[in-house]
Amino acid sequence: MASCVEQVSLETVAFMELAVHQATLAMDSLEVPVGCVIVEDGEVIASGRNRTTETRNATRHAEMEAIDVLLEKWKQNGLSEAEVANKFSKCTLYVTCEPCIMCAAALSILGIKEVYYGCANDKFGGCGSILSLHLSSSEPLISGGVPRQKGFKCTGGIMASEAVSLLRSFYEQGNPNAPKPHRPPVQKI
């Protein structure tokens with residue numbers, strides 16, 4: 001599993017603070033508090049927060065929201081598939097919780113350069129906790145000579161306590177959008 005470096009740059013902390021802000025916005029909207037930003041050349045070019053409840057779509061994780069913003073923007077700018085892949089290869093994602101398997105696979109397919117995350121995702125983590133999709137590199141090539149999956153550098157533990165605190169607060173207050181249990185809880189005697 002990727003681990004946190006001893007010295008974290010001020011730039012990394014600043015971008016992770018922006019991701020934490022997105023997570024707070026998610027929590028304010030009664031969503032699981034996960035947020036992210038995507039950075040290119042030291043500038044935030046997209047941000048996202050969980051919107052699964054709001055959209056009633058389980059794929060609307062923070063990372064997917066930010067990715068879709070960029071894909072739409074780059075499509076409007078007329079970029080080809082190869083140009084989009086080249087742009088992603090220069091981007092860094094900062095996210096409050098380790099990307100799940102779905103998001104890590106998407107990031108790998110898109111060829112993101114690097115990911116920094118806060119806390120580990122012990123149930124669904126795709127960057128070392130469950131699977132290590134950030135280490136993937138597969139062939140054959142898809143159209144345009146772009147590999148299907150590329151590995152990416154991944155560092156965890158950045159502002160992990162802040163990320164865990166948000167998640168803990170959300171789940172302690174109770175998730176009003178969680179499905180109701182089908183059977184009553186077992187009574188302890």
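Which residue forms a salt bridge with Glu 40? In this predicted model, local features require a pLDDT of at least 70 and side-chain atom pairs count only at pLDDT 80 or more, while totals for chains, interfaces and linings use all residues. Residues are numbered from 1 along each chain as its sequence is written, and side-chain values use heavy atoms, with hydrogens and water left out.

The partner of Glu 40 is Lys 87, with 3.2 Å between the closest N and O atoms. A salt bridge is defined as a side-chain nitrogen of Lys or Arg within 4 Å of a carboxyl oxygen of Asp or Glu. Glu 40 lies in strand E1 (residues 35–40) and Lys 87 in helix H4, so the pair ties together parts that are 47 residues apart in sequence. Helices (H or I, at least four residues) and strands (E, at least two) are DSSP runs, numbered from the N terminus. Glu 40 is buried, with a relative accessible area of 11%, whereas Lys 87 is partly exposed at 24%. Here buried means under 20% relative accessible area, exposed over 50%, and partly exposed in between (1.4 Å probe, protein chains only).

Helix H4 spans residues 81–88, and its residues Val 84, Ala 85 and Phe 88 are buried. Viewed down the axis of H4, the buried residues fall within an arc of 100°, so they line one face of the helix; the arc is that of the directions from the helix axis to the C-beta atoms.

In the whole structure, 7 salt bridges are found. Arg 60 meets Glu 65 in one of them (2.7 Å, N to O) and Asp 68 in another (2.7 Å, N to O). Arg 60 is buried, at 13% relative accessibility, and Glu 65 is buried at 13%; Asp 68 is partly exposed, at 35%. A network of salt bridges links Arg 49, Arg 51, Glu 54, Arg 60, Glu 65 and Asp 68.

The search for aromatic pairs finds 4 in the whole structure. Rings of Phe, Tyr and Trp (its six-membered ring) pair if their centres lie within 6.5 Å; planes under 30 degrees apart count as stacked, over 60 as edge-to-face and the rest as tilted. Tyr 94 and Tyr 116 are stacked, at 5.2 Å centre to centre and 10° between the planes. Tyr 94 lies in strand E3 (residues 91–97) and Tyr 116 in strand E4 (residues 114–119), so this pair ties together parts that are 22 residues apart in sequence. Tyr 94 is buried at 4% relative accessible area, as is Tyr 116 at 14%. Ring pairs link these two residues and Phe 15 into a cluster.
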